[in-house]
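Hi everyone, thanks for coming. Please have a look at the sequence and the structure on the screen, and then I'll walk you through a few contacts.

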Amino acid sequence: MATIARNIGSGGRRMRIIAGLVLLVLAVVAAALLVLLGADRGVRLVLFAPFFAGAVGLLQARDHTCVMLAVRNQCEISHGIAAVTDSWLAGQLRRQARELLLEAAILAALLTGLVLLIPG
């Protein structure tokens, strides 16, 4: 996706990169533990949530788009949060947020699927 609109700055991107990486590392560690402990594949489905959350964080950083701010028609500014008053920009941010969430869901499903393929 080519990012057209942005609603977060470098500080917000940094925070989302760190959170996304932490969540993905936790998901991988949890996946390894579940496989090593011989957990049923149905139990491993819970890994979708941390994979999804981690992917959302990293994709928000990549696309300079915060999903929650986009939903509220807001953006980060140097000293806080401001309203997005341009209707085109607000709509574009919401479109980007929807695409980002879809991409994160697909990525989380693929990662969870890979964990389900591991015999245990």
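**A short tour of side-chain contacts**

Let's begin at leucine 117, which is exposed, with a relative accessible area of 64%. Before going further, please keep in mind that this is a predicted model. Leucine 117 belongs to helix 5, which covers residues 87–117. Now, how far apart in space are leucine 117 and arginine 41? Their C-alpha atoms are 8.6 Å apart, although 76 residues separate the two in sequence.

Next, let's talk about charges. Side chains of opposite charge can pair when their charged atoms come close. How many salt bridges does the structure hold? There are 3 salt bridges.

Take arginine 16 and glutamate 76, whose side chains meet in a salt bridge at 3.5 Å, N to O. Arginine 16 sits in helix 1 (residues 10–36) and glutamate 76 in strand 1 (residues 74–77), so this pair ties together parts that are 60 residues apart in sequence. Is arginine 16 buried or exposed? Arginine 16 counts as buried because its relative accessible area is 9%, and buried means under 20%.

Let's move on to arginine 62. Its side chain forms a salt bridge with that of aspartate 63, at 2.7 Å from N to O. Aspartate 63 is buried, with 1% relative accessibility, whereas arginine 62 is partly exposed at 39%.

The side chain of arginine 62 also meets that of glutamate 103 in a salt bridge, this one at 3.0 Å, N to O. Here the pair links distant parts of the chain, with glutamate 103 in helix 5 and arginine 62 in helix 3, 41 residues apart. Glutamate 103 is partly exposed, at 31% relative accessibility. Which residues end up in one network through shared partners? They are Arg62, Asp63 and Glu103.

Finally, some aromatic rings. The structure holds 1 aromatic pair. In that pair, phenylalanine 48 and phenylalanine 52 are stacked, with 5.9 Å from centre to centre and 10° between the planes. Why do we call the pair stacked? The planes are 10° apart, and under 30 degrees counts as stacked. Both phenylalanines lie in helix 3 (residues 48–63), 4 residues apart, which is about one turn of the helix. As for accessibility, phenylalanine 48 is partly exposed at 32%, and phenylalanine 52 is partly exposed at 24%.

Methods. Residues are numbered from 1 along each chain as its sequence is written. This is a predicted model: local features need pLDDT of at least 70, side-chain atom pairs count only at pLDDT 80 or more; totals for chains, interfaces and linings use all residues. Side-chain values use heavy atoms; hydrogens and water are left out. Rings of Phe, Tyr and Trp (its six-membered ring) pair if their centres lie within 6.5 Å; planes under 30 degrees apart count as stacked, over 60 as edge-to-face and the rest as tilted. Helices (H or I, at least four residues) and strands (E, at least two) are DSSP runs, numbered from the N terminus. Buried means under 20% relative accessible area, exposed over 50%, partly exposed in between (1.4 Å probe, protein chains only). A salt bridge is a side-chain nitrogen of Lys or Arg within 4 Å of a carboxyl oxygen of Asp or Glu.
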